[in-house]
Amino acid sequence: MPALEFMATGGTVIATDWGGHQEWLNKEYSYPLNCVEVPQQGFPDCMSSRADVDHLKELMLHCVNNRAEIRRKGEIAAQVIPLMCSWPAVIERLFRKLAIADPRGQRLLDMLMSSASESAANAWR
C-alpha cells in the first residue's frame, strides 16, 4: 500500500511486476520491475517473487537520467491512482471477478453497472 499512497501524491515507483502489484502497476505511470518466480524451500507449491537485480539497476539508472519522464509519470499516477482506488472502482473490479468465478456474479455486475449508469445520468440532471 505505501507505493500506491506515494503514487496518489504524484510519486513514481519501481515495483516488482508480480502478485498484487499487477492490479495497479503500469508502464504509463510507474516502472514495473522484472522478477522471477521461485518455489519456497520446503513448500514446492508456494511461489515467491525475486526481483531481477540487473533490471533494477537499469531502471534506477534510467530514472537518474530521465527526471522529466519521472515527473510526467508522477503527474499521471496522481490522476489515475485515486480513481482506481475509489470505492466504486474497487467494487466494480470485485464484481467482475465474481462474474468470472460464478455465473451469479454476472447478475451482480449487471445490476451494479445499471445502477451506476442511472446514478451518473441522475447526476447530470
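Colleague: Is Cys 46 buried, exposed or partly exposed?
Modeller: Cys 46 is partly exposed at a relative accessible area of 37%; buried means under 20%, exposed over 50% and partly exposed in between, with a 1.4 Å probe and protein chains only. This is a predicted model, in which local features need pLDDT of at least 70, side-chain atom pairs count only at pLDDT 80 or more, and totals for chains, interfaces and linings use all residues. Residues are numbered from 1 along each chain as its sequence is written, and side-chain values use heavy atoms, without hydrogens and water.

Colleague: And what about Cys 35?
Modeller: Cys 35 also counts as partly exposed, at 24% relative accessibility.

Colleague: Turning to the strands, how do β3 and β4 run?
Modeller: Strands β3 (residues 35–40) and β4 (residues 43–51) run antiparallel and are joined by six bridges. Strands are DSSP runs of E with at least two residues, numbered from the N terminus, and two of them pair if DSSP finds at least two bridges between them.

Colleague: Which residue in β4 is the bridge partner of Glu 37?
Modeller: That partner is Ser 49.

Colleague: What is in the turn?
Modeller: The hairpin of β3 and β4 has two residues between the strands, and Gly 42 in the turn has a positive phi of about 85°.

Terms used
Helix = DSSP H or I, 4+ residues; strand = E, 2+ residues; numbered from the N terminus.
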